[in-house]
Amino acid sequence: MPELPEVETIRQKLEPRLVGRRLESVEIHDPRLVRPFEPVAVAAELEGERVVALERRGKYLIVRFESGKALLIHLRMTGSLRHAPNGTLADDPHRRAVVKLDDGSDVAYRDVRRFGTWQLLEAAELEPYLEERLGFEPLERTFTARRLAQRLEGRRAPIKAALLDQRTVAGLGNIYVDEALWRAQVHPLRPAGTLQADELARVTRSIKDALRAGVKRQGASLRDYSTPDGGRGRMQDRFRVYGREGHPCARCGTPIDKIRTAGRGTWYCPSCQRLERQAASSSSSRPSRSRRHSSV
Ligand SMILES: [Zn+2]
């Protein structure tokens, strides 16, 4: 499932192709993509619009148009976007929509499981819609340990579940939560509200580091994700815990363990990420600055 680094990679690659272009024709083949609205009606509204910006919020892509309207795209489990020069789109049984741009190129939307959504919103609807669903944008400076602490205060849910909740931090999913908690040396089952100041600082910094590492490697290609030019991300080769059950921890050598929490497979190091807080472990076992950099 695409998380923040995958969606941000798509945004960065599509932005120069889309901004300034007019949507010449739009075909929406799958009613699920735009329900409860009619595909033909949504396509007609999109045709003729000029793109003024391509933004991202959490895992949403936001195509902003000259009219003030915005198309909110969520890829969910298996959605992906492909940009192709004139006439070079290969046949694809999982294609759900095609947008032809005024330079002759195409943007195609593919989705095997068909959970992805396209929502065309009026200018005034966009912010309230996102506000209601999304918490902090983790790569912005405004996301700090103090703010995370406020959001987690009193919560008894495991930190893993709290971080998967998009209203806490927007854009995290199963992969990057596990990677961030490993970096922070915090056990995924710790009740979120019990994290101490030093742990909150490490979690905040680790979320940013894990996501930046993902963006730098253009996301993780496990099954369906690919970049808009058809390339693969490289983050899957750098996972420290995700999917690595039985492999040695990169920090201490202990085999990585797998449990289930919040209904999701969860990978962690049973030595580095203790459920019981250990006295004086937090500063002595924190990776040095150079070590941390080399791991990014
Ligand atoms: Zn370890």
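Is R114 buried, exposed or partly exposed? With a relative accessible area of 31%, R114 is partly exposed. Here buried means under 20% relative accessible area, exposed means over 50%, and partly exposed lies in between, using a 1.4 Å probe and protein chains only. Before we go on, note that this is a predicted model in which local features need pLDDT of at least 70 and side-chain atom pairs count only at pLDDT 80 or more, while totals for chains, interfaces and linings use all residues. Residues are numbered from 1 along each chain as its sequence is written, and side-chain values use heavy atoms, with hydrogens and water left out.

Let's stay with R114 and look at the backbone. R114 sits in the loop between β7 (106–111) and β8 (117–121). Helices (H or I, at least four residues) and strands (E, at least two) are DSSP runs, numbered from the N terminus. R114 is not a glycine, yet its phi is positive, at about 65°. Most residues other than glycine have a negative phi, and most peptide bonds are trans. R76 also has a positive phi, near 45°, and is a residue other than glycine. You will find R76 in the loop between β4 (70–74) and β5 (79–84), where it is partly exposed with a relative accessible area of 32%. For a cis peptide bond, turn to R35 and P36, where omega is about 15°. P36 belongs to the loop between α2 (31–34) and α3 (39–46).

The loop between β4 and β5 also holds M77, which is partly exposed at a relative accessible area of 33%. Together, M1, M77 and F115 make a nonpolar surface patch of about 270 Å². Patches are made of residues with over 30% relative accessible area and no salt bridge; like charges are joined within 9 Å, and nonpolar side chains (Val, Leu, Ile, Met, Phe, Trp, Tyr) within 5 Å. The accessible areas come from the Shrake-Rupley method with a 1.4 Å probe, and for residues only the protein chains shown count as cover.

Now follow the helices. In α3, the buried residues are P39, V42, A43 and L46. Seen down the axis of α3, they fall within an arc of 100°, so they line one face of the helix. The arc is that of the directions from the helix axis to the C-beta atoms. On the other side of α3, V40 and A44 are exposed. An α-helix has 3.6 residues a turn, so residues three or four places apart point the same way.

What about charged side chains? Side chains of opposite charge can pair when their charged atoms come close. A salt bridge is a side-chain nitrogen of Lys or Arg within 4 Å of a carboxyl oxygen of Asp or Glu, and by this rule the count comes to 19 salt bridges. One of them pairs E45 with K69, at 2.7 Å from N to O. E45 lies in helix α3 and K69 in the loop between β3 (60–65) and β4, so the pair ties together parts that are 24 residues apart in sequence. E45 is partly exposed, at 38%, whereas K69 counts as buried, at 16%.

Another salt bridge joins R57 and E137, at 2.8 Å from N to O. R57 lies in strand β2 (residues 51–57) and E137 in the loop between α4 (123–133) and α5 (145–152), so the pair ties together parts that are 80 residues apart in sequence. R57 is buried, with a relative accessible area of 18%, and E137 is buried too, at 7%. Salt bridges that share partners join E8, R11, E15, R56, R57 and E137 into one network.

Finally, find the zinc ion. C249, C252, C269 and C272 coordinate the zinc ion through their SG atoms, at 2.2 to 2.4 Å. Donors are N, O and S atoms within 2.8 Å of the metal (3.2 Å for Na, K and Ca); water is not among the atoms, so sites may look incomplete. The site is tetrahedral, with angles of 100 to 114° among its 4 donor atoms; four donors count as tetrahedral if all angles lie between 85 and 135 degrees. In sequence, the donor residues are spaced C-x2-C-x16-C-x2-C. C249 counts as buried, at 4% relative accessibility, whereas C252 is partly exposed, at 37%.

Definitions and conventions
Tetrahedral: all angles 85-135°; square planar, octahedral: opposite > 155°, others 65-115°.
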